[in-house]
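We will walk from stop to stop, with something to select at each one.

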Amino acid sequence: MKCGRQSLQVFLACAIHPSFLCLHHPYTSNALGCDHQTPSTSYDMPLSTSVFIIPFPPPPLPLSLLPGITISSIGRLLKQSGLRVTSIKIDPYLNTDAGTMSPFEHGEVFVLNDGGEVDLDLGNYERFLSLTLSKDHNITTGKVYNEVILRERRGDYLGKTVQVVPHVTDEIQNWIERVALLPVDGSEEPPDVCLVEVGGTVGDIESSVFLEALRQFQFRVGRENFCLLFVSLVPVLGSVGEQKTKPTQHGVKELRAVGLSPDVIICRSSNRVELSTREKISVFCHCPPSHVLSVHDVSNIYHVPIILAQQNLHGLLREHLRLDSCMTPEPDLDRWTELATSVDIFTEEVKIAIVGKYTGLSDSYLSVLKALKHASIAGKRALEICWVEASDLEEETEKGDREKWEAAWKVIEEVDGIVVPGGFGSRGVEGKILTVEYARKRGKPILGVCLGMQVMVIEHCRHVLGMAGVTSEEFAAKADEGGQKGQQQQDEQQQQQQQQPHAVVFMPEINQAVMGGTMRLGARPTHVTLKDAKKTLTLAGQLYKGSEEVWERHRHRYEVNPDLVGGLEEAGLRFVGKDETGTRMEIVELDRQVHPFFFGTQYHPEFQSRPLEPSPPFFGLILAASGQLAEYLKTVGAN
């Protein structure tokens, strides 16, 4: 029975229409493997236990508006209707994972509990749906082909010629079914519904194998257990604001050409999609008018599940997937609605500067942005983000473009608080160190994350301990490799480094020759010092409400030099969080009698922030920046 908890499972997937300039791609039906063999039906999982829904994103949209938000919003609707939900993201690139990709090209790398370095959309899923996903929830072409090749080498295919169809497509289908059963909500129960988002664009060569796998999959699980959603752009052109349907028509045409026909079309537009537009799309795209929905601009993304519920998407899914006895008639969105509306009514503002090196693309710091947003909601403040390119604060910029330098420092002076996020490489590091020095001396609330904490340590070594020129082993090595110094300068630097150690050093267990997947990754315990030697409550202990152990996610190769910890603590920099061995520094702070909020973490607390459960370090920053921290600590009995 489909409605039995142990047998019910639904799969939702998301597809993409071609871009405006490439509506037709030069591939033939043979490229999709039309002469395919019927896949074997000898699977461990009975066919009646699977239901799938699939949305696809259009390239012209900004990253923050792609189907990751749509999928997450659909999942929230289903979750609030009483179903357990999981999610899978398919990325058609050949990389094994997102770990080695540039933030400028791909946005941030999101880190999961198990150490998986994945697409930022999995962060959207976790935040919106309160899930804990694994690296297997991100399927890439690289992972799939690697698995097929390993099977071939083991002889699993019994001497057969290994082909894209059926072997690669079967591997994709098997992967989806296997991962869809993994518990992700802390209940240890298998999910009822699996949402699958297919990245790329319909018509792209690289994504064609996944679309072919899904074409087969709808027959493998049964059409009553498979629902396809298509997310498409409806642009508004001309002075009269005419809504154009051609991109959607061509997108559905391309999708139907590969054997997939959407059950629901979600139209992304700046304004609400008019009834006449939806009726036209219905006629040309073989979809009932009631199944053509509008996702238009809203004041914040938390309104998206609400506008989908207003258009009865939950009812459409319940009917198509035959979930009448499993779903509540209406989703319980009361608390979610309260969240969405409260964000719009805050009048008091808090300004936070993000001093980074990837500020040209905000998605490079997406989780940091979300963590600040969640914290500002909890602090009842309207959030204003001020972006500062770290290199603009440096002496070289002052000499070459003083106007830019002055503008950057003016922002630092005017904001209420500062975040120095993570990053790799030496560019902009001196600007970050100058930022930390300014915040420390001026008493401006500051939060350092990963590299941000490391530059806090470097700054203290230089300007408090008097270790002039001290830096991280990472930056010293990069300067030597890049030939940025003459031989005499390098010799002098090496002699100086022999006399004083690096403030931040390479972790001995890390592979220096291989980049991908070799960092210290995933959720790890941090032991929090609740009281210092003077029996004074630590800020970390207060923010984490007296928890002696917290689990947070990491992504780094370098650590604070343990040989310098004693001297730094004598100089007032307190290391109040350490790993289970007590030798790896995780949290650093200044006493609140010295500074209102000077706090750094080696881990990335932003990865576990949720809309209704903000990350403690980010919440502390917002409270300090808005003058609420002391009062908050009194309410939790920690001041």
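How many bridges join strand β18 to strand β21? Select residues 520-528 for β18 and 574-578 for β21: 2 bridges join them, and the two strands run antiparallel. Strands here are DSSP E runs of at least two residues, helices are H or I runs of at least four, and both are numbered from the N terminus. Two strands count as paired if DSSP finds at least two bridges between them. While you are there, pick out His 527, which stands opposite Lys 578 in β21.

A word on what you are viewing: this is a predicted model, where local features need pLDDT of at least 70 and side-chain atom pairs count only at pLDDT 80 or more, while totals for chains, interfaces and linings use all residues. Residues are numbered from 1 along each chain as its sequence is written, and side-chain values use heavy atoms, with hydrogens and water left out.

**The sheet**

Now widen the selection to the open sheet, whose 9 strands come in the order β14-β13-β15-β16-β23-β22-β21-β18-β19, with mixed pairing. Colour β14 (382-389) and β19 (549-556) to see the edges: each has a single partner strand, so one side of each is left without a neighbour in the sheet. From one strand to the next, the twist averages 25°.

Axes are lines fitted to C-alpha atoms, for helices over the stretch in contact, and angles run from 0 to 180 degrees between N-to-C directions.

**An enclosed helix**

Select 366-378 for helix α12. Its 13 residues reach 18 Å from first C-alpha to last, close to the 18 Å expected at 1.5 Å a residue (the expected span being 1.5 Å times one less than the number of residues). Is α12 largely enclosed or open? Of its 13 residues, 11 are buried, so the helix is largely enclosed by the rest of the structure. Buried means under 20% relative accessible area, exposed over 50%, and partly exposed in between, with a 1.4 Å probe and protein chains only. Among the buried residues are Leu 366, Lys 370 and His 374. Following α12 is Lys 380, with a positive phi near 55°.

**Backbone stops**

Jump to Val 165 and Pro 166, which are joined by a cis peptide bond with omega about 15°. Pro 166 is found in helix α5 (residues 164-180).

Then visit Ser 130, in the loop between α3 (121-129) and β6 (138-140). Ser 130 is not a glycine, yet has a positive phi of about 55°. Glu 188, in the loop between α5 and β7 (193-198), also has a positive phi, near 65°. Ser 130 is partly exposed at 39% relative accessibility, whereas Glu 188 is exposed at 64%.

**Rings**

Finally, show the aromatic side chains: the whole structure holds 11 aromatic pairs. Rings of Phe, Tyr and Trp (its six-membered ring) pair if their centres lie within 6.5 Å; planes under 30 degrees apart are stacked, over 60 edge-to-face, and the rest tilted. Phe 619 and Tyr 632 have ring centres 5.2 Å apart and planes at 75°, so this pair is edge-to-face. Phe 619 is buried at 13%, and Tyr 632 is buried at 15%.
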